[in-house]
Amino acid sequence: MKPLINFFDRLNIKDIISKLYGNNQFNIDLRNRNPYRIVLKEEKCMDIFYFSSPIFSYKSGKLVCCNWVGNNGKFVFEGVNAFLNIDRNSIILENQIGSCIVSFNKDINIAPTLNGILVESKFVDIEVKLYFRLSGRAIYNSSFLAYVSENLPPFLVFNSLFAKKNDELFPVEIICNQIDDNTFKINFHTDRKIEKLYFDINLYLSKLIFDTTVSSKKKNENNIYGEIAFLGSTDLCGKEWLYARFNAMKLENIQAQQVLKAYYYIPCFIQNNKKLKLNVLTTPWCSFGTTWENKIETEQLISYSENIYNYKRLEVTNVIKGILKEKDSRNLSLLIKQDSNIGNTIVATGDNYINPQILRIKIKGDIFDGNN
């Protein structure tokens, strides 16, 4: 078991801000207490970067830095609210609710995410065991396992991400088996030979963006906690779309009339020249129940994406203004598809802990002065 040092770009929030802002000289407003955002002060306006997951440690209040720290011959890491400890044969993930011991039957490489671990394996026949030190039950499908305790949000979410061969990425399915009340075994399935396999394990965090994928070859499968979308088509999943809705409760202090511009940045695992098309939905849908079989559609196309570094950027100015004006923000949401019928674009969803999505809102005035 080795710490994985380089996985695409190591998650560094300030570096992301510098790239998207276009300048590494920016003024962070320290009055902000919202754990999902960084507020940049400018003359007569503000540039606000909301991340799909919290990015500040609940304990220290500092930005999470995704680095392992050596401690008496062991590696440890503190995420948003998770503490990780790598032992010789296992990894312990814990927070104030409970803990989970994760073990593997093959050698792996691991890297920290915002609140857990990313795992790289050279073996498709790797087996993962999860032992939970709290009572609960598992919800799972072919992409994820979520462990839920009582009526609380999930404690932990396990996600298959993708397999890799040469420069191609493709979907991977998981097979879950319960061994006893607290122990689960996870194996993997893919329809191709692979060089590497990637999955992650995180202690769950509430999200800024509610979303789910729907897949034509998994017509009745809901993917509420899935972290990756193969927008377009694949042999294993068929045609895939992404539904998304911003959580207006977390867009605090902003008034609709203040909004100058708003952009939605969706991270790509491999950038390409294909465009995503953004459709607006005015019919509510349930992220826990939406499937390909009961999906809703719309022809209200509002924009196409443009490439910004490893992101697909979509303008959502009018959507954000509409959400801030609406009494019920569920009435305004998004349907995202790949424009091309050939191939796919592989992106992170709002549940991703490695490459969080970003909502950027430029506003006039000062959201903290009480005169919005």
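Strands here are DSSP runs of E, at least two residues long, and helices are runs of H or I, at least four, numbered from the N terminus.

A word on the source. This is a predicted model, where local features need pLDDT of at least 70 and side-chain atom pairs count only at pLDDT 80 or more, while totals for chains, interfaces and linings use all residues. Residues are numbered from 1 along each chain as its sequence is written, and side-chain values use heavy atoms, without hydrogens and water.

Back to β18, residues 196-203. Its pairing with β14 is antiparallel, with 8 bridges. Pairing needs at least two DSSP bridges between two strands. Strand β10, residues 116-121, also runs antiparallel to β18, through 6 bridges. There, V119 has F199 as its bridge partner.

Is β18 buried or exposed? Buried means under 20% relative accessible area, exposed over 50%, partly exposed in between, with a 1.4 Å probe and protein chains only. In β18, 7 of the 8 residues are buried, so the strand is largely enclosed by the rest of the structure.

Now the cores. A nonpolar core is a set of buried Ala, Val, Leu, Ile, Met, Phe, Trp, Tyr and Cys residues joined through side-chain atoms within 4.5 Å. The largest one has 65 residues, and L130, F158, F188 and F199 have the most contacts inside it. Its largest share, 5 residues, comes from β14, residues 154-165. Apart from this core lies another, of 35 residues, including V259 and L332.

Last, helix α2, residues 317-325: its buried residues include V319 and I320.
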